[in-house]
Amino acid sequence: MSISMWEFGDDGQVHAVEPSAVGPARASSRGLLWVDLQAHDAPDLASAAEGLGLQEAELDFLAGNRSRLSIPSSSDESVAAVLHRVCLTADQQFSFTELRVLSAKNLIVTVQTATEDLPQLNVLDAVRTRPAGLTATDAVSGIIGAVLREYPAALDELEDAVEEMEGVLFQEARLDAALSHKIYQLLQDAHRCEWALRPLEALSTEGGSNAADQSPAEDTPSPLWSDLIRRARAMRDRVELLRSHLENAVTLHSTLLTIEQNEATRRLADASYAQGEQSKKISGWAAILFAPTLIASIYGMNFRHMPELHWIAGYPLALALMLGLSLGLWLVFKRRNWL
């Protein structure tokens, strides 16, 4: 079990808290208590749930049994969100992992899914620059900022891949199965990035709105939340632009593929037509040669009693009949454009 707990005091000091002492620490603490654990350790959090004041629904949310959790609107520090971290694997594939955040007054719980390519986020680094008197809202903003910092490198790689794909598609006009798979894979990555950025932007906007409500003298969010909102929207705009490029590439690829299929169909039809023309010529000449061959075959039979064997005009008449039939068939086939 790897459940880490820290207590952030009003004086800016950070103290580690043992899970067994979470009840007294929670009762006596005036600062923020931060509980961080990995996803496979979420069921073990039930033993400390009473000391932390967590309900069954909140435990289910942290364990991943539900993706949403109703939060009372009375508390501005209450947040329940599923954020998505991103990284590139060794084979340049996008990998997304969940980061579940549950915060209340003076308490924040984060459940991370660490992988070989994306290690666990260091929560202390996320709030190291925050002033003394850290609140749950400050912690949430630090987490959002830390997660957002992971997206530019992934989006840069996605842009490079899109530019490379467009060079193959627009300049080389190459159509093959590998290019089709690449386009749809990039489009899937763009959709997943947009899907992953939505909760970050929504949480930033909501946090900025709550911060503005807490400061009646200001109608705009604090600079910190404004920066988070700007960064989240800027990355969302980048993803939307890439998705638009990829959707246009899909349309162009489908059009070029249709044109190529039509050309292949036309070439096949031309070849079939030419083959049919050759078949007609072969059939026509076969019929022309069949008539004299038939007459010659009949008179080539070695029978003693056959009609007109002693007829003087038989041979010239047979030749004339052969020539006449052949010429007649030639004229018929020529008139029908078989020859």
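What is the volume of the largest pocket? I looked it up and got about 360 Å³. A pocket here is an open set of points on a 1 Å grid over the protein atoms alone, where a 1.4 Å probe fits, with protein on both sides within 12 Å along at least five of seven lines. The volume is the space filled by probe spheres set on the points.

Ground rules for my notes: this is a predicted model, where local features need pLDDT of at least 70, side-chain atom pairs count only at pLDDT 80 or more, and totals for chains, interfaces and linings use all residues. Residues are numbered from 1 along each chain as its sequence is written, and side-chain values use heavy atoms, leaving out hydrogens and water.

By class I find ten nonpolar, two polar and two charged.

Then I turned to helix pairs. Helices are DSSP runs of H or I, at least four residues, and strands are runs of E, at least two.

α8 (residues 223-299) and α9 (residues 314-335) pack at about 165 degrees, axes 9 Å apart. That makes α8 roughly antiparallel to α9 (over 145 degrees counts as such). Contact means heavy atoms within 4.5 Å; I noted W285, I288 and I295 of α8 among the residues involved, and L321, L325 and F333 among those of α9. This contact has 14 nonpolar, two polar and no charged residues.

α5 (residues 136-148) packs on α8 at about 30 degrees, axes 11 Å apart. The two are therefore roughly parallel (under 35 degrees). Among the residues that meet, I listed V140 and I144 in α5, and W225 and R231 in α8. Here I have eight nonpolar, three polar and one charged.

Notes
Axes are lines fitted to C-alpha atoms, for helices over the stretch in contact, and angles run from 0 to 180 degrees between N-to-C directions. Angles under 35 degrees count as roughly parallel, over 145 as roughly antiparallel, 65 to 115 as roughly perpendicular and the rest as oblique. Ala, Val, Leu, Ile, Met, Phe, Trp, Tyr, Cys and Pro count as nonpolar, Asp, Glu, Lys and Arg as charged, and the others, Gly among them, as polar. On a 1 Å grid over the protein atoms alone, a cavity is a set of points where a 1.4 Å probe fits but cannot get out, and a pocket is an open set with protein on both sides within 12 Å along at least five of seven lines; lining residues have an atom within 4 Å of a point.
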